[in-house]
Amino acid sequence: MSKLVVANWKMNGSIDLVDEFAKTFTADNLILGLPTIFLSPFRNRNSILKLAAQDCSMFQGFGAHTGEISARMLRESGIEYVILGHSERRSISNLDSTENILQKLSNAMDAGLSSILCIDENFDQLIDEKTTDLLRNSLGKVILAFEPVSAIGTGIVPNLSDIRETVSKIKEKCDGINTLYGGSVNSINAREIMDIPEIDGVLVGGASLKIPELTAILQASSPAV
Ligand code: PGA
């Protein structure tokens, strides 16, 4: 079975790129994480691919929260996933505190959105008893992404054995929940990362903006023949 590939465009891309990606990709193991403003244009051009927002509000439903977008609004717009707790968000805003990330996770679950919850080496801070209970009750609607901060956007991937060890610890703590690896994944290293048995897929930033790179990573996500 193919492993999961989550693409995270971050604050990149254009309507032209939306057009090109919408024409190119239909893989059912690909989730495309776009800037919020591009989600509906993409959905209008391609009804097949699964889409992710890169965040949602800690507030539920509707309300006087200028600039916020709720999990419910995303779901109503045909979006299936939301990426939560990315370290880049945590570093720019104290609104992404552990408590608020867990509130967002709970809002996403209530709205029927699946979450991709980013964690780093300090996962113990986020994954405490309360979180593991939440994950247990999530009925498969949460995927974890182990993203060592030192690997994000740097081209430096940790030793495969270190990745394997940490992901094994995470899965042990969280009842074997599906866990991705993220940080400097590209067409060259995707296969060896994907070959780690405990890893259920990858979260790809920079390389996911280039069609040939993402195509090669998708190829690496299928078992070698
Ligand atoms: P990168 O980003 O692939 O550009 O390192 C990964 C991420 O931030 O999710």
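This is a predicted model: local features need pLDDT of at least 70, side-chain atom pairs count only at pLDDT 80 or more; totals for chains, interfaces and linings use all residues.
Residues are numbered from 1 along each chain as its sequence is written, and local features need pLDDT of at least 70, side-chain atom pairs count only at pLDDT 80 or more, and totals for chains, interfaces and linings use all residues. Side-chain values use heavy atoms, with hydrogens and water left out.

Eight strands close into it in the order 1-2-3-4-5-6-7-8, with parallel pairing. On average, neighbouring strands of this sheet are turned by 25 degrees against each other, direction ignored. Strands, here and below, are DSSP runs of E with at least two residues, and helices are DSSP runs of H or I with at least four residues; both are numbered from the N terminus. Two strands pair if DSSP finds at least two bridges between them.

Strand 2 (residues 30-33) shows how the pairing looks in detail. Strand 1 (residues 4-8) runs parallel to strand 2, and four bridges join the two. Valine 6 has isoleucine 31 in strand 2 as its bridge partner. Between these strands the chain passes through helix 1 (residues 15-24), and this β-α-β crossover is right-handed. Right-handed means that, with the strands pointing away from the viewer, the path from the first strand over the helix to the second runs clockwise. Strand 2 is also joined to strand 3 (residues 50-53), again in parallel, by three bridges. The bridge partner of glycine 33 in strand 3 is alanine 52. Strand 2, helix 2 (residues 36-45) and strand 3 form a right-handed β-α-β unit.

In a regular strand the side chains alternate between the two faces of the sheet. Both faces of strand 2 are covered: Leu30 and Leu32 are buried on one side, and Ile31 and Gly33 on the other. Buried means under 20% relative accessible area, exposed over 50%, and partly exposed in between, with a 1.4 Å probe and protein chains only.

The two helices named so far also meet. The axes of helix 1 and helix 2 come within 9 Å and cross at roughly 35 degrees; axes are lines fitted to C-alpha atoms, for helices over the stretch in contact, and angles run from 0 to 180 degrees between N-to-C directions. Ile15, Val18, Asp19, Phe21 and Ala22 of helix 1 meet Phe38, Pro41, Phe42 and Arg45 of helix 2, where contact means heavy atoms within 4.5 Å.

Phenylalanine 146 stands opposite tyrosine 181 in strand 7.

Next come the cysteines. A search of the whole structure finds zero disulfides, a disulfide being a pair of cysteine sulfur atoms within 2.5 Å. For cysteine 56, the nearest cysteine sulfur is that of cysteine 118, 13 Å away. Cysteine 56 counts as buried because its relative accessibility is 3%. The sulfur of cysteine 174 is 14 Å from the closest cysteine sulfur, in cysteine 118, and so too far for a bond. Cysteine 174 is buried as well, at 7% relative accessibility.

Two loop residues remain. Most residues other than glycine have a negative phi. Lysine 10, in the loop between strand 1 and helix 1, has a positive phi near 55 degrees. Serine 184, in the loop between strand 7 and helix 9 (190-194), has a positive phi near 60 degrees. Serine 184 is buried, with a relative accessible area of 17%.
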